[in-house]
Amino acid sequence: MSSFPIYRKLSNLKVFYKILSDLEFEEIQLVGSKTFKLKFVAKQYPEKLKIMDMINLQENYLESSENEWRKFDA
């Protein structure tokens, strides 16, 4: 079992994730000079798969860190 939180980012370096559990994550999007923070709770199967893909570094997901997350979570 994974130890949470787990930090991930998209390969474009414009979206960062803090995975809180198998069903919940926070997302920070960088749009120009602005940042947007969203929280998601997976209720449907495709949403749960997305979280598993993030955890397993599938698609365009890369490892990130708490320090990297904190840079944008002001």
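Good morning. I shall begin with a single residue, Ala 42. Leaving aside residues up to four places away in sequence, Ala 42 is in contact with Leu 23, Glu 47, Lys 48 and Ile 51. Please keep in mind throughout that the model is a predicted one.

Two of these residues, Ala 42 and Ile 51, also belong to the largest nonpolar core.

Five strands form an open sheet in the order 4-3-2-1-5, and their pairing is antiparallel. The edges are held by strand 4, residues 34-41, and strand 5, residues 61-63. Each of these has a single partner strand, so one side of each has no neighbour in the sheet. From one strand to the next, the twist averages 25°.

For strand 4, the pairing with strand 3, residues 24-31, is antiparallel and runs over eight bridges. Within it, Gln 29 has Phe 36 of strand 4 as its bridge partner.

Finally, where does helix 1 pack? Helix 1 lies on the sheet, with contacts to strand 1, strand 2, strand 3, strand 4 and strand 5. The direction of helix 1 makes an angle of about 105° with that of strand 2. Thank you.

How values were computed:
Residues numbered from 1 in each chain as written. Predicted model: local features only at pLDDT ≥ 70, side-chain atom pairs only at ≥ 80, totals over all residues. Heavy atoms only, no water. Core = buried A, V, L, I, M, F, W, Y, C linked by side-chain atoms within 4.5 Å. Buried < 20%, exposed > 50% of the residue type's maximum accessible area, 1.4 Å probe, protein only. Contact = heavy atoms within 4.5 Å. Pairing = 2+ DSSP bridges. Helix = DSSP H or I, 4+ residues; strand = E, 2+ residues; numbered from the N terminus. Axes fitted to C-alpha atoms, helices over the stretch in contact; angles between N-to-C directions.
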